[in-house]
Amino acid sequence: MEFYKVACYNMVGMAIIWLSLLMTGAVFFEKKPLLRGLSKRSFLLLLFVFLLFPVLGAASYQSGLMMLRVQEIIACYVQILYNMMFLRLLYLEEWRACWGVSVIFSILWLAAEKISFSFRTKDILYLNRMLEFLEYAFLQLALSLGVFLALLLLYKKAGVGKVFSHWLEWKRAWFFGILILSLYPLLESVYQALLSWGRVVRIWETVPMWLFLMSMALLYYMNLRQMQQQEMEAQRQSLCQQDAYIRSLEKMQEEMRQFRHDYKNMLAGMYLQAKEGDAASVLEFIQEMTDGFEQQIGGQIRQLSQLRNVHMQEVKGLLLGKLGEMQRDGIQCDFEARQPFEGARMKPVDLCRCLGILIDNAMDEVRGKEGAKVQILISSQEGCVTFLVKNTLHSAVDFHRMWEDGYSTRGEGRGVGLASYRKILDRYQNALSSTAVQDEAFVQELKIRE
Amino acid sequence: MLPVYICEDDEAVRAAQEEFLRKLILMEGYDMELVLCTGHPEDVLLAAERHPKRGVYFLDVELKGEQMDGFLLGKRLRALDPRGFLIYVTAFSDLAFETFRYHLEALDYIVKGDPEQMKQGMRQGLATVVERMKREKGEERAYFSVKVMDVVKHIPIDEIMFFETSGRTHRIELHGVHDRIDFIGSM
């Protein structure tokens with residue numbers, strides 16, 4: 001076959017592969033790729049890769065390198081590498097996550113090809129013969145794509161996205177799992193080499209693939225179990241939080257009862273003074289009573305009624321915890337949510353982590369300081385949600401170094417917060433953050449578009 | 001002359017506010033004029049639209065039985081009068097005022113339960129307005145304005161150190177002396 005024909009064929013193959021990769025990314029990351037938001041530079045880079053590798057492939061085919069096992073292995077890993085870059089540019093996920101999906105994609109595609117080629121009519125297809133070439137093209141492109149899509153659909157139905165993101169969180173399992181997966185193409189190649197030396201029958205070709213699919217299923221199952229356990233743990237925590245919520249309601253009710261008792265007495269006193277015509281004392285009484293009410297329960301009623309507007313359970317739990325912590329530490333805190341807050345377009349884990357970092361920073365800054373105050377605000381307006389965390393400033397912060405990994409005003413080993421906050425936000429195209437020092441206060445703001 | 005508006009649904013409170021403001025403006029010799037006292041937010045919007053001028057607005061937060069509450073009225077007013085002064089009046093001392101300040105750049109809020117306290121609040125409010133205007137006159141600063149989703153931020157140009165494009169597409173980071181702001185744009 002001529003060079004340009006092979007190159008063209010490769011390009012068609014590449015287009016099909018990237019299309020399937022795009023879908024795989026959507027299934028695993030559970031989000032849409034940013035096709036329109038792609039910058040010119042990224043686009044050119046992808047185009048370059050798209051043109052270069054099919055041509056390189058064609059060249060290696062022509063030169064006869066294609067017959068070498070080593071070349072095959074290298075080609076496979078190169079493919080995984082540029083697929084990883086493809087995913088990174090289109091999905092903005094972490095590099096390791098992109099690597100993982102890219103590896104799994106390659107293996108799945110390999111498996112799809114294997115399955116599709118097991119339907120071939122002859123053991124060896126000669127590409128110079130038109131009919132056999134057509135069969136080859138059909139098997140490699142169309143049928144493989146069909147098999148691949150079927151596999152992907154299966155994954156999607158099994159809810160692989162959740163399991164994958166959970167796997168990413170579970171550090172040890174991630175490391176070993178991805179190591180084994182990454183080695184798979186190599187092992188497969190070695191096995192095939194052994195097969196071809198031993199001239200084993202065709203049926204054995206697919207053995208590693210089945211082994212692999214089984215181990216994938218096992219990994220999946222283990223992840224699922226771990227996830228269920230964590231879910232149970234989360235439920236237990238949410239129960240605890242609700243418990244705390246109910247207890248604070250009960251405490252408030254107790255205080256109300258107390259207050260009712262007090263004000264009855266106060267009213268009796270006031271009644272006497274009013275009878276005597278002592279207007280000034282009556283006014284003073286009223287003032288005292290309203291102030292007393294404000295001090296005793298007004299603040300609590302307010303916080304709880306604002307909290308009622310937070311409908312997203314994860315965030316509500318986080319806030320309950322943090323507000324309780326601040327109350328315990330004697331930090332004055334104000335929480336506002338004027339409108340109902342239903343949720344934001346960010347994974348709950350990430351959102352809670354971001355908010356946790358912002359609130360922890362504020363708390364650490366003011367803890368034990370005189371006249372300290374923390375304000376938290378959640379506000380949904382015009383299709384975006386704003387989270388604002390504001391605290392009084394008591395020490396000078398180096399505004400520009402604060403984002404560096406490990407920088408902290410609180411001593412060694414504390415400053416990972418803001419850096420990892422930035423890292424999480426880098427994955428979200430629809431989130432914007434800002435920080436400001438304003439009127440002796442430190443203001444951190446996170447906005448998420450719906 | 002700065003027009004002053006009152007929007008308050010309780011007639012008695014409104015009358016008290018009107019009387020007090022007239023006296024106060026006269027006594028202090030402020031360059032202001034009370035132009036409208038009403039219980040309907042639509043009237044305020046209409047008047048502000050007809051006379052597009054920076055004004056002072058005393059707005060009831062609750063506004064019972066009306067189409068919009070004080071917050072929404074404030075939003076509409078901001079569209080008509082971006083530099084006006086919004087002062088909120090509420091029956092509850094526990095108003096979620098940070099939200100008002102954040103979205104509407106509201107100046108202050110007054111609790112109307114105690115008449116004396118309310119008057120004190122109004123006096124304080126006008127004093128702040130006068131002080132702000134004086135301060136603005138003194139400084140001639142150029143601002144860089146940027147829309148970040150639903151709010152517009154103004155940063156003094158002399159406080160901006162540099163802009164930086166970030167790894168994410170169409171994303172620019174502004175680094176100022178006191179600010180660091182992400183926004184969508186291109187350079």
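Guide: A nonpolar core is a set of buried Ala, Val, Leu, Ile, Met, Phe, Trp, Tyr and Cys residues joined through side-chain atoms within 4.5 Å; buried means under 20% relative accessible area, exposed over 50%, and partly exposed in between (1.4 Å probe, protein chains only). The model is predicted, so local features need pLDDT of at least 70 and side-chain atom pairs pLDDT 80 or more, while totals for chains, interfaces and linings use all residues. Residues are numbered from 1 along each chain as written, chains are lettered from A and ligands numbered from 1 in the order written, and side-chain values use heavy atoms without hydrogens or water.

The largest nonpolar core has 58 residues, and the members that touch the most others are Trp18(A), Phe28(A), Phe29(A), Ile104(A), Phe164(A), Trp167(A) and Leu181(A). Two or more residues each come from helices H1 (3-29), H2 (40-62), H3 (69-91), H4 (95-117), H5 (130-157), H6 (160-169), H7 and H8 (207-275) of chain A; helices (H or I, at least four residues) and strands (E, at least two) are DSSP runs numbered from the N terminus. H4(A) supplies the largest share of this core, 11 residues. Beyond its neighbours within four places in sequence, Trp167(A) is in contact with Ile104(A), Ala173(A), Trp174(A), Gly177(A), Ile178(A), Leu181(A), Leu219(A) and Asn223(A), where contact means heavy atoms within 4.5 Å. Another core, of 47 residues, lies apart from this one and includes Ile331(A), Cys354(A), Leu358(A) and Val366(A).

Trp197(A), in helix H7 (residues 171-198) of chain A, is exposed, with a relative accessible area of 68%. Trp197(A) belongs to a nonpolar surface patch of about 1100 Å², whose members include Phe175(A), Phe176(A), Leu183(A) and Val190(A). Such a patch joins nonpolar side chains (Val, Leu, Ile, Met, Phe, Trp, Tyr) within 5 Å, and like charges within 9 Å, from residues with over 30% relative accessible area and no salt bridge; accessible areas follow the Shrake-Rupley method with a 1.4 Å probe, only the protein chains shown counting as cover for residues.

Charged pairs come next. Over all chains there are 31 salt bridges, each a side-chain nitrogen of Lys or Arg within 4 Å of a carboxyl oxygen of Asp or Glu. Lys373(A) forms one with Asp334(A), with the closest N and O atoms 3.5 Å apart. Because Lys373(A) lies in strand S2 and Asp334(A) in strand S1 (residues 332-336) of chain A, the pair ties together parts 39 residues apart in sequence. Lys373(A) is partly exposed at 27%, whereas Asp334(A) is buried at 17%.

Chain A and chain B bury about 3200 Å² between them, 48% of it on carbon and sulfur atoms; buried area is the accessible area (1.4 Å probe) that two parts lose on being put together, summed over both. Chain A gives 40 residues to the contact and chain B 35 residues, and seven salt bridges are counted between the two chains. One of them pairs Glu382(A) with Lys75(B) at 3.2 Å, N to O. In another, the side chains of Lys447(A) and Asp150(B) meet at 2.5 Å, N to O. Lys447(A) lies in strand S5 (residues 441-449) of chain A and Asp150(B) in the loop between strand S6 (143-148) and strand S7 (151-156) of chain B, so the pair joins two chains. Both Lys447(A) and Asp150(B) are buried.
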